[in-house]
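Here is a short walk through one structure. Keep the view open and follow the residue numbers as they come up.

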Amino acid sequence: MADSVGKQQSAKQTVKETAKEASKQAEKARAETSKAEKVKAEASKVEKARAEASKAEKAKAEVSKTDKAKAESTKDVKLKMEKPAETTVDFAADPNNYVNRELSWLEFNYRVLSEARDKSLPLFERLKFLSITASNLDEFYMVRVASLKDMVHAKYTKPDIAGLTPQEQLDKISEKTHQLVEMQYSTYNRSLLPALKANGLRVITEHEDLTEKEAAFADEYFKKNVYPVLTPMAFDSSRPFPLIRNKTLNIAALLRKKKADETDDELEFAMVQVPSVIPRIVELPREVVEDGKEQRVVILLEEIIERNMPSLFLNYDIVASHPFRIMRNADLTIDEEEAVDLLEEIQKQLKKRQWGEAIRLEIEDNVDKRLLKILRKELSINSQDIFGINGPLDLTFLMKMYGLEGFDLFKTSRYVPQPVPALMNEDDIFTNIRKGDILLHHPYQSFDPVVNFVRSAARDPEVLAIKQTLYRVSGNSPIIAALAEAADNGKQVSVLVELKARFDEENNINWAKMLEKAGCHVIYGLVGLKTHSKITLVVRMEEDGIRRYVHLGTGNYNDSTAKLYTDCGILTCDPQIGEDATAVFNMLSGYSEPLAWNKLSVAPLWLRGRFLRMIRREAEHARNGKPAHIMAKMNSLCDKEIITALYEASCAGVKIEMIIRGICCLKAGVPGLSENISVRSIVGNFLEHSRIFYFLNDASPEVYMGSADWMPRNLDRRVEIMFPVENETLKEQVIRILEIELEDNVKAHILQPDGTYEKEDKRGKVLVNSQEQFCREAIMMAKEFRVDDPARVRVFTPIESSGV
């Protein structure tokens, strides 16, 4: 802009100088010209004057044009000063703007661990949270760490969005995980065990600590219940190293033949698997403590077996024995393009999962070095993947301890999901849906309406067809039973059972076979994609023609996890959503790809673009000086394109508030990058699982819910559905869910600019525990409806006899 103005000023000056020089030359010509040539000179003067006049006119026009350009330039500068400058920073180019996905997940597990360390929680709830951290870590290693190891083996060195190569990620994961495990066992040994003992439960950590009476009981228990099940295995030149299954608990031993010289260095390796068919927690006879009260006593099964190892190897002395456990690569590799039968191919791969590469070894920290050397060699495991454990291996057993009877005082009272007010009447579910869309909020409200929706459709003679997607279902699913009943009743039943749902593959294969036998049309999913969407379509013949009823949700059709996971859903008969639902199932079952959607947004082809447009729309509103606001709740955020769009929106002035339970690769509250972004993670009794999105949209708010997180896998490699909440009353309810969770100062962990999470300072504040508040409100709403509904309080008074 400065160069352009300079050139125009230079042009103006040149014109002035040219005119001045021409005038001087004309004066000189008049003085030197003779009278004889005066007439000719005068004629020449006239011609030159005309030429100069023409030049002057051109110069004037140039000046006018220059002044106009300067005015326009000044106006542009003024406008740009008045509204925020559009960012020109390429956030995506700097890996320091992003957090590594795996390290962010470990931060989440630390947040779960912080609940186990929170002494304000009931004691047995703390046991439960510690168990969850162990279970989480197992899955993380079997899938995420295993995948990184595969990359290293393949010599893949491309860095992730945070600039880390696979090997660099593994190094950082190992360091952070060792710290996490150390904190797990510090919590168990120094905090939980003493607290359990003080409250009537003594856990014997080593069999050497058994009293004489307890030892006799343990030996008898071993002889009667354990010994017949065990299979001791030796390892020598004639017997290969035993195949050790994934996640199994084993006891390794070094043996020396009896009567051999004690200086004989020839040791033999043997092991025995701790049987999973016998309860790991063994309760011993109760003891009376000093104050006269009874105390319950438990010991772990592996301690009883280790105590009785000599009876398994009669001709040997036990030099050393230690429990150990290995984790194997459980990430399935399926070539869907080449697989003739996807179900059969997955069944084959599931068998291989037990024998994948060993990627983690847990063993007692005081292990005999000779024994450890044998295990390292035979399992081909790196030193950074060996975890010396100061306590019992596999803390998931604490969930069984949580289930011990008699300790209800040390547990949070069980919450009973409440009925949905809109369905608390005598009308059938289809009549109630016709009255208006119905919002479901689980687990605060019961999952029964969803089961009833499918069951009613199965039994209703007017229903023609039922179509549903299933990702994870319970072991004894009433949904599956209802679908089978529908097929038996002659209805058209189409079910997409996603066989690739990780760690539910076997369960889903069994359900798929059962549904096929019942007469349902079963689809196994799409090649190269996982179907993660949660949708049910019921087609019903009514007086005015065919009507479509739809359930859309953020969570699985699993009646068990619906009591533990927070999710939302909608029941609707909106004709446009019904049309879209039909298009979804036609796309899944055939080759139909709709040109446009009425109201649903579907991944992998359309959803990413929709999210980006809505984020950028808010940014544009902010640049134009309008209020702009985004609220988003999800499980994980790690998509680079979405994060970059959020950074740009933040720099434009958009207020962005996010509730992200798990992985978050975005940095929050960083000046010049994300100062307008806040992120919180809520870790409580229920697993936060719903996905909700709010966009202010120039004071015309839009609210959406769906099955997708902001992750590449959800937006690019899965079939996901996002649906709008359009009913104004329901929209207000969903916005309120977000607002209450944003006010939570009890269970919320706030993401700091340095990537750590901290709980809010509660001093002087009214405490808000969002999950407890939703429980109270659900109870209150159901109670109020029972009282307010005239049909429920109506009293029928019989007509008294007239005596005739």
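Which residues form one aromatic cluster? They are Trp105, Phe108, Phe140, Tyr141 and Phe387. The model is a predicted one, so keep that in mind throughout.

Now turn to two helices. Helix H3 covers residues 101-116, and helix H4 covers residues 123-153. Two packed helices are described by the angle between their axes and the distance between the axes. For H3 and H4 the angle is about 170°, and the axes are 8 Å apart. Angles over 145 degrees count as roughly antiparallel, and H3 and H4 are therefore roughly antiparallel to each other. The crossing of H3 past H4 is left-handed.

Which residues meet there? On the H3 side they include Trp105, Phe108 and Val112. On the H4 side, Phe129, Asn136 and Phe140 are among them. The residues of this contact divide into twelve nonpolar, three polar and five charged.

Next come the aromatic pairs. The count comes to 23. One of them is stacked: Phe124 with Phe407, at 4.9 Å centre to centre and 20° between the planes. Phe124 lies in H4, while Phe407 sits in the loop between helix H10 and helix H11, so the pair ties together parts that are 283 residues apart in sequence. Phe124 is buried, at 1% relative accessible area. Phe407 is buried too, at 4%.

Tyr188 and Phe397 form an edge-to-face pair, with 6.4 Å centre to centre and 80° between the planes. Tyr188 belongs to helix H5 and Phe397 to the loop between strand E9 and H10, so this pair links parts 209 residues apart in sequence. Tyr188 is buried, at 1%, and Phe397 is buried at 4%.

Note on methods:
Residues numbered from 1 in each chain as written. Predicted model: local features only at pLDDT ≥ 70, side-chain atom pairs only at ≥ 80, totals over all residues. Heavy atoms only, no water. Axes fitted to C-alpha atoms, helices over the stretch in contact; angles between N-to-C directions. Helix = DSSP H or I, 4+ residues; strand = E, 2+ residues; numbered from the N terminus. Parallel < 35°, antiparallel > 145°, perpendicular 65-115°, else oblique. Left-handed = near helix turned anticlockwise from the far one by under 90°. Contact = heavy atoms within 4.5 Å. Nonpolar A, V, L, I, M, F, W, Y, C, P; charged D, E, K, R; others polar. Phe/Tyr/Trp six-rings, centres within 6.5 Å; stacked < 30°, edge-to-face > 60°. Buried < 20%, exposed > 50% of the residue type's maximum accessible area, 1.4 Å probe, protein only.
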